[in-house]
Amino acid sequence: MVSGVIIGIIELGIYLPFSYFLRRRFSKLQEINAVSYYWFMITILTFIWEFSYIASYDEIENYAVTLLEKKEHVWTNRYDLTYILPWNLARIFYAEYGAYADREYMSLTTDWSKTVESSHAFFCGVFSLFALLLKVNGNNRSFDITLGISMGSQLMNSLLYMVEYYYQVQDINNVNYPTEEFPCGFAYYKRAFMWVNIFWIVMPTYTIIYSLMEKKITYKKI
């Protein structure tokens with residue numbers, strides 16, 4: 001039995017070396033700059049988490065309520081090692097996110113969170129997988145197209161989500177409105193799990209810009 005933090009570290013500690021060896025195995029993947037490649041792989045892993053969230057929504061909602069009632073956090077609770085499996089890890093970490101970051105993620109009356117996660121899973125996760133498969137097959141033109149779809153969709157999805165969340169925090173009738181028992185603080189510092197969304201804005205932006213700059217340099221050489 002280990003803490004939720006250790007569970008997350010172990011999963012990434014397995015997944016990232018697997019991604020490394022996959023890149024070494026297929027030389028075409030080495031043509032993608034390392035930062036962008038690993039972000040593609042994280043996006044594919046996120047697809048598994050998101051699918052698990054949608055498939056196990058009721059279970060996650062119940063666990064989020066339990067965390068709130070017991071004033072517990074996934075980070076310090078202890079779990080067996082089966083939770084390093086992505087579909088199990090997703091259940092506990094989405095429950096934490098729903099309880100202490102975005103309570104739309106534990107709502108039984110709206111489908112907003114399911115829409116956010118399912119659209120991200122399809123347009124970002126699936127197209128990231130397609131992008132890497134196309135790269136392995138040497139289809140660079142189609143790789144560029146799927147890169148644009150996956151990373152462009154991810155950037156837009158994340159921006160719209162964060163703007164919507166900002167307005168939810170201002171709405172007294174919304175579940176995310178700051179209260180004494182669910183404070184927000186400046187820049188959401190009392191809901192620090194929200195900061196994870198920074199990666200889903202910065203990383204696709206980097207990948208798109210790097211790809212465009214790389215193509216510009218290539219065309220100049222031609």
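Colleague: By class, how many nonpolar, polar and charged residues does the lining of the largest pocket have?

Modeller: Keep in mind that this is a predicted model. The lining of the largest pocket has 20 nonpolar residues, seven polar ones and two charged ones.

Colleague: Thanks! About how much space lies in the largest pocket?

Modeller: About 790 Å³. There are 29 residues lining the largest pocket, and those closest to its centre are Thr 46, Trp 49, Phe 193, Val 196 and Trp 200. Helices H1, H2, H4, H5, H6 and H7 each give two or more residues to that lining.

Colleague: Which element gives the most to the lining of the largest pocket?

Modeller: That's H1, with six residues.

Colleague: And what about the second largest pocket: how much space lies there, roughly?

Modeller: About 210 Å³. Its lining includes Tyr 15, Phe 18, Met 41 and Leu 129. Elements giving two or more residues to this lining are H1, H2 and H5, and H5 gives the most, with four.

Colleague: Switching to charges: how many salt bridges does the structure hold?

Modeller: Four. One of them joins Lys 28 and Glu 31, at 3.6 Å from N to O. Lys 135 also forms a salt bridge with Glu 31, where the closest N and O atoms are 3.2 Å apart. Lys 135 sits in helix H5 and Glu 31 in the loop between H1 and H2, 104 residues apart.

Colleague: Is Lys 135 buried or exposed?

Modeller: Lys 135 counts as buried, because its relative accessibility is 8%. Glu 31, at 40%, is partly exposed, and Lys 28, at 30%, is partly exposed as well.

Colleague: Nice. Which residue forms a salt bridge with Arg 103?

Modeller: Glu 181 does, with the closest N and O atoms 3.0 Å apart. Glu 181 is in the loop between H6 and H7 and Arg 103 is in the loop between H4 and H5, so the pair ties together parts 78 residues apart in sequence. Glu 181 counts as exposed at 56% relative accessibility, while Arg 103 is buried at 11%.

Technical notes. Residues numbered from 1 in each chain as written. Predicted model: local features only at pLDDT ≥ 70, side-chain atom pairs only at ≥ 80, totals over all residues. Heavy atoms only, no water. 1 Å grid on protein atoms, 1.4 Å probe; cavity = no way out; pocket = protein on both sides within 12 Å on 5 of 7 lines; lining within 4 Å. Points joined across faces, edges and corners; volume = space filled by probe spheres on them. Nonpolar A, V, L, I, M, F, W, Y, C, P; charged D, E, K, R; others polar. Salt bridge = Lys/Arg side-chain N within 4 Å of Asp/Glu carboxyl O. Buried < 20%, exposed > 50% of the residue type's maximum accessible area, 1.4 Å probe, protein only.
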